[in-house]
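Subject: Structure for you to look at

Hello,

Please find the structure below. My notes on it follow, grouped by topic.

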Amino acid sequence: MTKEKILAPVGNLSDQGYKLSYFCEDLSKYEENHLKSVEKDNNVFKSLNTWYKKDIFHIEVLVPFCPGCFSKSVIKNGVKERKLYFYDEGIVNAEIQMYKCKKCGKKFKTDISDIVDDNSNFSNEFKEKCVELAGLFFGSIRKIAYKIKKDTGISISRQTIENWILGYEIPKKEVKNRYSGYYIFDVEWIKLNGFWNYRFALFDSKQNIIVADEIYSKENSTNIKKFLEESTRNQKKIAITSDLDEKYKPIIEGLEFKYQWCLFHVFKNINKKIKEYIRDNELSDEELENIRQEKLEIFSLFNIQSFKEARTRMDEILNQIKDYSKVIQSIIMDSLMPYFKTYFSYLLDENIERTSNKLENQFQKTFPKSIKRIMKIKKGAMSRINIRIEILHQKKVFDS
């Protein structure tokens, strides 16, 4: 029987065929992600050719041409030495390739604006890292400077760091999805240079993102209406949840939103009224116990699962209103009854947020109390807020 010579599989495979990742799903996923990261790194400076030689970082144009006459007939014409600061590499001695056009005689150098700005030795990557630290350390210049010194050995003035923070711009992103139409609106006090200002924020409660963020010197109806109009222009307008500020209701409903009062603030306000009544009146233990039971009865309304049932129970309470204590009568007649729908809009639409807690948490994450009293100017405060929002967005993408 004639033996047939069979080649081993390795002999017929290309280099790519040797990869174990083809036989292991987990390795395959790693390989795919790794190739993406390598491709990304190679495309950082698409128009430049960079390499190290004898500890010198050399930078030249990949395809040089004259910026004056656009001729490709150019020759190398020496180098320009320069020190560049990178966060991971530290201080790097660089040589920037110079050129001369053979056609028009113009001399020019390699455009390295992708690496570093003109009149700056700090690379764009270094600045971006420092701005990232501003988001992690809530904009504390002292902590940022200490971290930079520890990581790189480079000392930077606090004013330089502050200038980088002030120069931060929100990355432009293509908005593919429209907002849900379900929002939370709230205002946070911020002290700028010793004077109280107001941070207006609108939060998409379904997508869990801040839709709009701005600082105003006054919290008046004009500014509130302007902010909400501009923030929701060409977007769905379904419902807004907010605290009990009396200015909000006519504005929000005037913009044709369903309006929901934050239940946390509702309970807090009811408790406050009862405490004030007890403080101002001498009451017996029996009267105090009756008020406590009546309060629990009012709170039980918010545990009902349908608007119709809540309305029916409210009617029953109104029929017996004379049996309740004066403070509970006042709460029912002056607040609950005339604004019943504003208290219970969430029962008509399950997508309406019952509280403003989500936005309150964002306030603490993006601009906590520890720093909101020490800012000097509006731009500095907004830059720190926007940096922090971007950090949280990146973390959300990373964790998803």
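I begin with a loop: D55 sits between strand β1 (48–53) and strand β2 (56–61). The model is predicted, and in it D55 has a positive phi of about 65 degrees, although D55 is not a glycine. For residues other than glycine, a negative phi is what most of them have. D55 counts as exposed because its relative accessibility is 67%, above the cut-off of 50%.

N208 is another case. Its phi is near 55 degrees, again a positive value in a residue other than glycine. N208 belongs to the loop that links β7 (195–204) with β8 (209–216). With a relative accessibility of 37%, N208 is partly exposed.

Now the overall picture. The protein has 400 residues, and 41% of them count as buried. There are 13 helices and 10 strands. Taking contacts between residues at least 6 apart in sequence, 57% join residues at least 24 apart.

How far should you trust the coordinates? The average pLDDT of the protein is 82, and 80% of the residues score at least 70. Among the elements, strand β9 (residues 239–242) has the highest mean pLDDT, 97, while helix α1 (residues 25–42) has the lowest, 41. Over residues 6–44 the pLDDT is below 50, and this stretch has nine contacts in the model beyond near neighbours in sequence. Coordinates predicted with low pLDDT should not be read in detail.

Next, the inside of the protein. Which residues have the most contacts inside the largest nonpolar core? They are F185, L228, F302 and F344, in a core of 50 residues. Helix α10 gives the most to this core, with five residues. Leaving out residues up to four places away in sequence, F185 touches F200, A201, L202, I224, F227, L228, I240, T241, S242, Y248 and L359.

Helix α7 (residues 263–280) and helix α10 (residues 326–336) pack at an angle of about 140 degrees, and their axes are 10 Å apart. Is this crossing left-handed or right-handed? The crossing of α7 and α10 is right-handed. On the α7 side the contact is made by I270, K273, I274 and Y277, and on the α10 side by K326, V327, I328, I331 and S335. Sorted by class, the residues of this contact are six nonpolar, one polar and two charged.

S345 is in the loop between α11 (340–344) and α12 (357–366). Is S345 buried or exposed? S345 counts as buried because its relative accessibility is 6%, and the cut-off for buried is under 20%. Not counting residues up to four places away in sequence, S345 touches Y259, Q260 and I352.

E169 is in the loop between α4 (158–166) and β6 (182–192). E169 is exposed, at a relative accessible area of 64%. Along the chain E169 and N386 are 217 residues apart, but their C-alpha atoms are separated by 8.0 Å.

Regards

How values were computed: Residues numbered from 1 in each chain as written. Predicted model: local features only at pLDDT ≥ 70, side-chain atom pairs only at ≥ 80, totals over all residues. Heavy atoms only, no water. Axes fitted to C-alpha atoms, helices over the stretch in contact; angles between N-to-C directions. Helix = DSSP H or I, 4+ residues; strand = E, 2+ residues; numbered from the N terminus. Left-handed = near helix turned anticlockwise from the far one by under 90°. Contact = heavy atoms within 4.5 Å. Nonpolar A, V, L, I, M, F, W, Y, C, P; charged D, E, K, R; others polar. pLDDT = per-residue confidence, 0-100. Core = buried A, V, L, I, M, F, W, Y, C linked by side-chain atoms within 4.5 Å. Buried < 20%, exposed > 50% of the residue type's maximum accessible area, 1.4 Å probe, protein only.
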